[in-house]
Amino acid sequence: MNPLNSPLEVGMRTLVLLSASFPQQLDVAQLVYLDHVMVHSGEMGGPPSLHPSLPAGPGELAMKRRLIEQGLLVLMRAGLADVEATADGLVYRASEEGPGFVDILEAPYVGTLKDRAAWVIAALASPELDVRAATRAITDRWAHTFDSSLPVPGSDHV
């Protein structure tokens with residue numbers, strides 16, 4: 001198994017986010033957006049990014065959703081995250097054991113993740129956050145980096 005971009009790696013990043021927001025609950029759309037901002041924080045007006053920008057752009061967000069969903073399953077099986085059905089859909093939060101588990105991890109990367117997660121939760125994780133609009137802003141910004149002389153698939157400009 002390749003640990004990079006695996007459900008285990010993305011699940012651990014998700015647990016760091018859920019622990020930073022504990023006891024606040026987050027849905028998958030919020031987790032996708034906040035994870036993106038956490039690892040690309042420098043592009044979002046925050047501290048230096050943890051991961052480089054990728055040419056995949058919006059495709060990264062689509063792939064991330066699937067990985068976060070799989071990572072959440074890993075976390076729930078391990079008793080590190082809980083799920084609750086609400087009128088608005090499924091929401092997740094770290095279990096009582098989740099933040100303690102994150103605190104015992106000693107890798108420098110995890111320490112940096114915890115710093116970024118604290119920043120992103122303080123800066124962006126509020127009930128008023130319109131995740132769809134925020135995600136659209138990321139994809140729109142990425143689209144504007146294209147050379148305008150090149151055809152964009154699906155557009156009238158060919």
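Is histidine 36 buried or exposed, and what is its relative accessible area? In the predicted model described here, histidine 36 has a relative accessible area of 6% and is therefore buried, the cut-off for that class being under 20%. Histidine 36 belongs to helix H2, and, when residues up to four places away in sequence are not counted, its contacts are with Glu60, Leu61, Lys64 and Ile138.

The protein comprises six helices and two strands, which follow one another from the N terminus in the order α-α-α-β-β-α-α-α. Of the 158 residues in the protein, 35% are buried. Among contacts with a separation of 6 or more, 67% are accounted for by residues 24 or more positions apart.

By class, the residues of the contact of H1 with H2 comprise six nonpolar, one polar and two charged.

H2 also packs against helix H5 (residues 108–124), at an angle of about 120° and with the two axes 9 Å apart. H2 and H5 are therefore oblique to each other, and their crossing is right-handed. The residues that make this contact are Tyr33, Leu34, Val37, Met38 and Val39 from H2, together with Tyr109, Leu113, Arg116, Ala117, Trp119, Val120, Ile121 and Leu124 from H5. The contact of H2 with H5 has 12 nonpolar residues and one charged residue, with no polar residues.

The remaining pair is that of H1 and H5, whose axes come within 9 Å and cross at roughly 50°, an angle that makes H1 oblique to H5. The crossing of H1 and H5 is right-handed. Here Glu9, Arg13, Val16, Leu17, Ala20 and Ser21 in H1 meet Tyr109, Leu113, Lys114, Ala117, Ala118, Val120 and Ile121 in H5, and the residues of the contact divide into nine nonpolar, one polar and three charged.

The burial of nonpolar side chains was considered next. In soluble globular proteins, nonpolar side chains tend to be buried together. The largest nonpolar core in the model has 31 residues, and those with the most contacts inside this core are Leu17, Leu18, Leu31, Tyr33, Leu34, Leu72 and Val120. At least two residues of the core are supplied by each of H1, H2, helix H3 (58–77), strand S2 (89–94), H5 and helix H6 (131–143). The largest share, seven residues, comes from H2.

Leucine 31, with its neighbours within four places in sequence left aside, is in contact with Thr14, Leu17, Leu18, Leu26, Ile68 and Leu72. Threonine 14, one of these partners, is placed in helix H1 and, at 0% relative accessibility, counts as buried. Apart from residues up to four places away in sequence, threonine 14 touches Leu31, Ile68, Leu72 and Leu75.

Leucine 75, in turn, lies in helix H3 and counts as buried at 2% relative accessibility. With neighbours within four places in sequence set aside, leucine 75 is in contact with Gly11, Thr14, Leu15, Leu80 and Ala81. A separation of 8.7 Å was computed between the C-alpha atoms of leucine 75 and alanine 94, which are 19 residues apart along the chain.

Conventions. Residues are numbered from 1 along each chain as its sequence is written. This is a predicted model: local features need pLDDT of at least 70, side-chain atom pairs count only at pLDDT 80 or more; totals for chains, interfaces and linings use all residues. Side-chain values use heavy atoms; hydrogens and water are left out. Ala, Val, Leu, Ile, Met, Phe, Trp, Tyr, Cys and Pro count as nonpolar, Asp, Glu, Lys and Arg as charged, and the others, Gly among them, as polar. Axes are lines fitted to C-alpha atoms, for helices over the stretch in contact, and angles run from 0 to 180 degrees between N-to-C directions. Helices (H or I, at least four residues) and strands (E, at least two) are DSSP runs, numbered from the N terminus. Angles under 35 degrees count as roughly parallel, over 145 as roughly antiparallel, 65 to 115 as roughly perpendicular and the rest as oblique. A crossing is left-handed if the near helix is turned anticlockwise from the far one by less than a right angle, and right-handed if clockwise. Contact means heavy atoms within 4.5 Å. A nonpolar core is a set of buried Ala, Val, Leu, Ile, Met, Phe, Trp, Tyr and Cys residues joined through side-chain atoms within 4.5 Å. Buried means under 20% relative accessible area, exposed over 50%, partly exposed in between (1.4 Å probe, protein chains only).
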